[in-house]
Amino acid sequence: MLRLQNLSVQMGDAVLLRGISCALSRGEMLCIIGESGSGKTTLLRALQGLMPAHCDRFCFCPPGQPPVDLSGALPRGRGLRGTSWVMQDPLAALNPRRRIGASIAEGLYRDRLPPDRLKAAVTAALAEVELDAEFHDRYPAQISLGQAQRACLARALIARPALIFFDEPLSALDAMVQKQIAHRMDVLRRDRGLSYVVVTHDLGFAAAYADRILVLHKGRVAAFQDKQAFFAAPASAYARSLIGAAQALGSLTPVGAAA
Amino acid sequence: MQTATATAAPGWAPVSAMRLFLRRLGVVLAAGGLVALAGFWLTPYAPGGADFLNRLSPPGRAHWFGTDQLGRDIATRILYGGLWSLGLAFIVVTVGAVFGTLVGLVASRGGRVLDYALMRTTDSFFAFPELIAAVTVAGLFGPGTFNLMLALILVSWMKFARLVRSLSLSLAQRDFITQAQLNGLPEWRILWHHYLPNIAPGVLVLWTNSWSRTILAISGLSFLGFGVQPPNAEWGAMLLDGKAHMQTAPHIMIFPGLAVLSAVLAINLVGDRLRDLLAEQHQP
């Protein structure tokens, strides 16, 4: 459904990403892993048209929408239709002076729904992320971080996208909430046949939920493999050291038990 | 399925500090307004009504604040003068705030060339001290209320433009703005729903601050003879009237001076409190 061939991002003289190729089918989850500064977030921003990016071939064919198939420079500034984006810091991603319901409703702005149907859609989206309808009228300062991330997830879901990008969606949250939201994300993906692209530092999370894994290192692909293949036989020395580090810290059980 | 609920403990409906403050402010303003209205209605004197038998009489039962050199009742004149001093400054600052906010928004959102042009214009307006600007306008077009307002508006908008521009530039980096753009919201909607609500508190605080400063400026300029002209009862103009009799009848100057002082002090105190409350409002 999503296919990139040789994507590169260049800002002035600095090459931020080079030769990124990957692919993702419908209903799959791709985890992007790498250290800080390896270009994970840059890749998401480039795919949303927020960075000047260049691609030999870029295909995105969400069901029920005209497919996108282009080569050369990616279009800037409009966002990739049929996708949405959940950011790392949920409180920064919500306007502090706007009610949660209004923020979530923005995900459906393009549909121009009448107010009553819009409100019903927001209530339904809140229910999907296990939030009560009364969160409609709350301000971000009145809810917890986990609830705020659920609200951001609701905003991402409400427009019925085929693909959702997550930029470290769990790293601001405590372990209990991480587990609940990760589980909820997984259930929604299976129920709806959604595809996910998740940037994460957490190899344990990737081991539990991902189908494919893309490792970035210094703006290049260090590995792009199926999850089983990745944990059994990492494609590069860097990927192997990454797994080793995660095992040493105890966030990942030794190879074999993971999958 | 476990559901995160959002319920406040029953019996606890805490009134926010902001709401409490606005409620008290409303009561005080209503009380003050009622007293002023009663004054307009009940005073037996006209603001320009001379009474030559009663010149320079000290404060007493017939004239609470005494009379001036033409025998006019000072208390009545302070009431009417309040309309001039507070009202003119209110109009000047509001026009300046709206214009400055527009300039700041356009500068921050309109591209590099526009930003440069607008901000250098702002800088050059900053180079005029407001007194000099008012004196210049008075010299060019003659002294008068309208020219005074024109001059003060000309030098009142720049602070707003600078503040709004810097607030808006830092907002542009925030994630929720990016989300709104990706969701296809048009620019005017983003400005209205995302920029303005986050800019408004800062503008409001600057607005109260500028209001009190403008009251001082109008009174000062009227005192110098460039602004509201006698016989109109403006507080600064009343001070000018009383200057010649300062030694023998100080009450002619004391009461208008106290009026200016208390108005400016009250507005500043409200502005400070508002700033504190707005800073914590909606913050986690």
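Helix axes here are lines fitted to C-alpha atoms over the stretch in contact, with angles from 0 to 180 degrees between N-to-C directions. Helices themselves (H or I, at least four residues) are DSSP runs, like strands (E, at least two), numbered from the N terminus. This is a predicted model, where local features need pLDDT of at least 70 and side-chain atom pairs pLDDT 80 or more, while totals for chains, interfaces and linings use all residues. Residues count from 1 along each chain as its sequence is written, and chains are lettered from A in the order in which they are written.

**Helix 8 and helix 9 of chain B**
- The axes of helix 8 (residues 187-224) and helix 9 (residues 235-242) of chain B come within 7 Å, crossing at roughly 35°.
- On the helix 8 side of chain B, the residues in contact (C-beta atoms, placed from the backbone, within 7 Å) include Ile218(B), Leu221(B) and Phe223(B); their partners in helix 9 of chain B include Trp235(B), Leu239(B) and Leu240(B).
- That contact has 7 nonpolar, 4 polar and no charged residues (Ala, Val, Leu, Ile, Met, Phe, Trp, Tyr, Cys and Pro are nonpolar, Asp, Glu, Lys and Arg charged, the others, Gly among them, polar).

**Chain B overall**
- Chain B has 10 helices and 0 strands.
- Its C-alpha trace spans about 85 × 55 × 25 Å along the principal axes.
- In chain B, 66% of the contacts with a separation of 6 or more link residues 24 or more positions apart.

**Chain A against chain B**
- Chain A brings 27 residues to the contact and chain B brings 22.
- The chain A side has 13 nonpolar, 5 polar and 9 charged residues.

Conventions: Two residues are in contact if their C-beta atoms, placed from the backbone, lie within 7 Å.
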